[in-house]
Amino acid sequence: MALHLYDSATRSIRPFEPREPGRAGIYVCGATVQSAPHVGHLRTFLAFDVLRRWLEASGLDVTYIRNVTDIDDKILAKSAESGVPWWAHAYRYEQEFTAAADALGISRPTYEPRATGHVPEMIALTQLLVERGHAYVGDPGNVYFAVDSFPEYGALTNQRGEIDQGEAAATDKRDNRDFALFKAPKPGEPASASWETPWGRARLGWHLECSAMAHRYLGEEFDIHGGGIDLRFPHHENEQAQSRAAGYGFARYWLHSAWVTQGGEKMSKSLGNSLSAEVVLDETPAPVVRLALVCAHYRSTVEFTPTTTAEATANWERFAGFVERATERVGAIEIAGAELPDEFVAAMDDDLGTPQALAVVHEHVRRGNTALAAGDDATVSNSLAAVRAMLAVLGLDPLDPLWKGGTEDSAKDRALEGLVDLLLQDRVCARAEKEWARADQIRDSLAALGVVVEDRPDGATWRLETTKGG
């Protein structure tokens, strides 16, 4: 393959060579379902959705795993505050994550395993680590990974020596650098939030779950492990250490997406500056949100502001407007198997260079619009096929049924089109009879309803103004 990816482990651009020809396995750390999703979460899922789409467009059969962490300290604390069972609390927010991802056209994973559904695999992995001398038993229920037993620890992030695992101090640890594989339940926690293990009643370790599930669905070695850049340490460092200490090759490439920021600060719940997916998708059309988050390189920070969405809105209207006008002129175009422009392929093969790829889309839209004005239908057809094929790779084909609406929405669209066309015919008659005031009133009334009328040499066209709404 010509694809090159930035490997966080080697800190270099590397040619991507699948472990198995024609196939690729990807594991992405998914949602910890403690509360509602925000734009920062969606950016990560979108980045790896584009990677998956590009691998598939390049001819690979992709197995894509994205887990759900459905139990942790925060889930237990917040469910107790709400007075609902922890599993009900987790399921509610798991559904919210799924709904937000679906709204943005993020393809469902091949499998989406929950942590609580894989306790036997976690026990088996922990037993193997204990047998190999890389883990030890503390107080009942507590099992720790011994960092000093694994000389390669720190290889992913170069963090060695004194490290903070983000865990509460424990008197039964041999070394403060060690991290929990299983941990004893805290007093007052519901009995359903812990499991019987060979080491006593215990709750799951966060790092352990991903190693166990990656092994379950992708085997001892797989191609790509991804997630947000904030997971590099300690989560991904610990995943790699425990998996390789168990004798597994684990991930061959590590990819990390950058943050979404507001006012220069990382978007996070703890800082109180998160934009919830529900609010954002209520205020801004989903394809505009997707474009705003995809237009920056996945390793670059996105500053999510009204300016960001305004620019994405203008670009989406340009793309969708061209596709609509071109389709009206030359008819429907089949894009399955369409050849992608060389410049677009080169941009995507260069570590998923979406900014450069979108520049190629803009250039082909410009050519297509010029051809429309000149009546060059052959060029219009070529440009339309290229633009739609490129946007489909990015999950942004304007004619995708997701963006066009379902059956009910399509019926509403047809009714809207019919009513607007009737008004435009009335406007044509008014202009022919030189009743300029009536013609202007029709145009202004439509504009007030968000319908923009554009007069062209070959007649009037219209489009919806997509500055807000879902």
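**Ground rules.** I number residues from 1 along each chain as its sequence is written. The model is predicted, so I required pLDDT of at least 70 for local features and 80 or more for side-chain atom pairs, with totals for chains, interfaces and linings using all residues, and side-chain values use heavy atoms, with hydrogens and water left out.

**Overall.** I looked up the secondary structure and found 15 helices and 16 strands. Helices (H or I, at least four residues) and strands (E, at least two) are DSSP runs, numbered from the N terminus. Along the principal axes, the C-alpha atoms fill a box of roughly 90 × 50 × 35 Å. Of the 470 residues, 49% count as buried; buried is under 20% relative accessible area, exposed over 50%, and partly exposed in between, with a 1.4 Å probe and protein chains only. I also checked contacts (heavy atoms within 4.5 Å). Among those with a separation of 6 or more, 75% come from residues 24 or more positions apart.

I traced an open sheet of four strands, order 4-3-10-11, with parallel pairing. Two strands pair if DSSP finds at least two bridges between them. Strand 4 (61-69) and strand 11 (250-257) are the edges, and each has a single partner strand, so one side of each lacks a neighbour in the sheet. From one strand to the next the twist averages 25 degrees. Strand 3 (residues 23-32) pairs with strand 4 over eight bridges, in the parallel sense. Within this pair, Ala31 stands opposite Val68 of strand 4. Helix 1 lies across strand 3, strand 4, strand 10 (221-228) and strand 11, and runs at about 165 degrees to strand 3. Here axes are lines fitted to C-alpha atoms, for helices over the stretch in contact, and angles run from 0 to 180 degrees between N-to-C directions.

I then traced an open sheet of five strands, order 5-6-7-9-8, with antiparallel pairing. Its edge strands, strand 5 (135-137) and strand 8 (195-197), each pair on one side only. The twist here averages 40 degrees from one strand to the next. Strand 7 (residues 179-183) and strand 9 (residues 200-204) run antiparallel and are joined by two bridges. I noted that Lys183 has Arg203 in strand 9 as its bridge partner.

**Cores.** I take a nonpolar core as a set of buried Ala, Val, Leu, Ile, Met, Phe, Trp, Tyr and Cys residues joined through side-chain atoms within 4.5 Å. Which members of the largest core touch the most others? Leu55 and Phe344 do, out of 125 residues. Helix 1 (residues 39-57) gives the most to this core, with 10 residues. Leaving aside residues up to four places away in sequence, Phe344 touches Trp54, Ala357, Val360, Val361, Met390 and Val393. A second, separate core has seven residues, including Leu424, Ile442, Leu446 and Val451.

**Helix 15.** I looked at helix 15 (residues 436-448), whose 13 residues reach 18 Å from first C-alpha to last, close to the 18 Å expected at 1.5 Å a residue. The expected span is 1.5 Å times one less than the number of residues. Ala439, Ile442 and Leu446 are buried in this helix. These three lie on the same side of helix 15, because they cover an arc of only 60 degrees around the axis; the arc is that of the directions from the helix axis to the C-beta atoms. The face turned away from the buried side carries the exposed residues Ala437, Gln441 and Ala448. Gly450 follows helix 15 and has a positive phi, near 90 degrees.
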